[in-house]
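Hi,

Here is the structure I promised to pass on. Have a look at it first, and my notes follow below.

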Amino acid sequence: MKKFLVTGAFGQIGSELVPALQQKYGVENIIAMGNRNIPQDFAGVVEKLELPNFEGLKTLIKKYDVGEIYHMVSLLSAKGEEVPDLAWEVNVQSLKDVLDLAREYKLKVFWPSSIAAFGPTTPRENTPQQTILEPTTMYGVTKVAGELLCQYYHFKYGIDIRSVRYPGLISIEVEPSGGTTDYAAAIYFQAVKNGQYTFYVRPDTTLPMMYMDDAVKGTIQLMETKANKLTIHTSYNFAAMSFQAHEVAEEIQKHMKLKVDYQPDHRQAIADSWPQSIDDSVARKDWGWQHEYDLAKMTERMLSGIKERFK
Ligand code: AKB
């Protein structure tokens with residue numbers, strides 16, 4: 001059996017995608033590649049490599065006879081504004097390397113885009129699949145460039161590349177860092193640990209969000225869909241729920257005491273440049289995407305999971 005290579009395997013998505021792939025395809029068939037935060041007790045095949053590194057990646061593909069890559073490594077929006085040159089290198093150059101290797105070794109590729117591909121000129125409500133892409137962050141610029149590269153390689157070289165535009169992701173295993181939507185996950189951890197959270201956005205800030213179980217399920221589902229069903233070769237709109245910042249606090253307060261205050265910082269402008277809700281009907285039609293978690297169900301799961309982890 002050809003192997004699966006996951007780059008960014010120990011980041012927020014990778015940490016939950018890898019176990020799901022291991023369970024589905026066998027632990028020995030998943031190569032988890034990362035650079036930092038590799039857990040000492042990681043159960044599986046692990047490789048340490050910092051990207052971009054074309055030759056290093058090529059060596060791994062040959063060593064393990066890789067057939068599919070989930071290329072998850074990415075610098076997120078807030079971090080990308082601190083180090084825009086590095087964001088370009090990591091997000092775009094490493095994708096170009098993966099796509100060139102996909103040509104050479106006939107690889108199937110998954111690559112994550114984001115709602116950050118949209119910008120202030122995009123319709124903010126129920127943002128359509130095909131619309132204006134004029135992001136104002138370097139992260140968003142790398143996502144638009146990446147989407148177009150994926151589509152180009154698909155039509156020019158026939159490569160099977162699949163992608164979704166992830167909303168803010170909320171998960172128990174790894175707290176996100178360097179993103180704009182991080183508050184929606186951080187509040188759960190701070191609620192359990194300290195009973196207090198200071199938002200860095202206004203209470204009415206509304207963004208599309210998704211619980212990680214749904215994100216992982218949808219990602220694998222897209223990769224398993226027959227190629228002839230797919231009509232989008234840039235990246236699929238992908239959505240579950242949208243809520244205002246104060247609504248997540250109120251949902252947690254139904255379960256426990258939590259004090260919140262609001263001190264908006266530079267991330268507010270990024271949040272304000274993104275859509276508030278996403279029309280993902282094309283994903284639902286083409287490959288049967290359906291989310292399971294809403295805010296209430298996610299909150300129960302997050303609070304019990306975090307309490308269990310830190311007890
Ligand atoms: C971020 O906030 O930068 C990410 C994203 C929406 O892609 N979570």
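First, a definition: I call it a salt bridge when a side-chain nitrogen of Lys or Arg lies within 4 Å of a carboxyl oxygen of Asp or Glu. On that rule, the whole structure holds 17 salt bridges.

Some housekeeping. This is a predicted model, so local features need pLDDT of at least 70 and side-chain atom pairs count only at pLDDT 80 or more, while totals for chains, interfaces and linings use all residues. Numbering runs from 1 along each chain as its sequence is written, and side-chain values use heavy atoms, with hydrogens and water left out.

One of those salt bridges pairs Asp 65 with Lys 2, with 3.2 Å between the closest N and O atoms. Asp 65 sits in the loop between helix H2 (54-64) and strand S4 (66-71), and Lys 2 in the segment before strand S1 (3-7), so this pair links distant parts of the chain, 63 residues apart. Helices (H or I, at least four residues) and strands (E, at least two) are DSSP runs, numbered from the N terminus.

Now the sheet. There is an open one of 7 strands, paired in parallel, in the order S3-S2-S1-S4-S5-S6-S10; two strands pair if DSSP finds at least two bridges between them. Its edges are S3 (45-48) and S10 (236-237), each pairing on one side only. S6 (residues 161-166) runs parallel to S10 and is joined to it by 2 bridges, and Arg 165 has Asn 237 in S10 as its bridge partner.

On to the domains, whose bounds come from an automatic or database domain assignment. Domain 1 covers 3-168 + 210-237, and domain 2 covers 170-209 + 241-278 + 293-310. Their centres, taken over C-alpha atoms, are 24 Å apart.

How do they meet? In contact terms (heavy atoms within 4.5 Å), 29 residues of domain 1 touch 28 of domain 2. The buried area (accessible area, 1.4 Å probe, that two parts lose on being put together, summed over both) is about 2500 Å², with 57% from carbon and sulfur atoms. Gln 12, Arg 124 and Tyr 211 supply 30% of what domain 1 buries against domain 2, more than any other three residues.

Which residues form the salt bridge below? The rule finds 1 across this interface. Asp 213 and Arg 301 form a salt bridge, their closest N and O atoms being 3.0 Å apart.

Cheers
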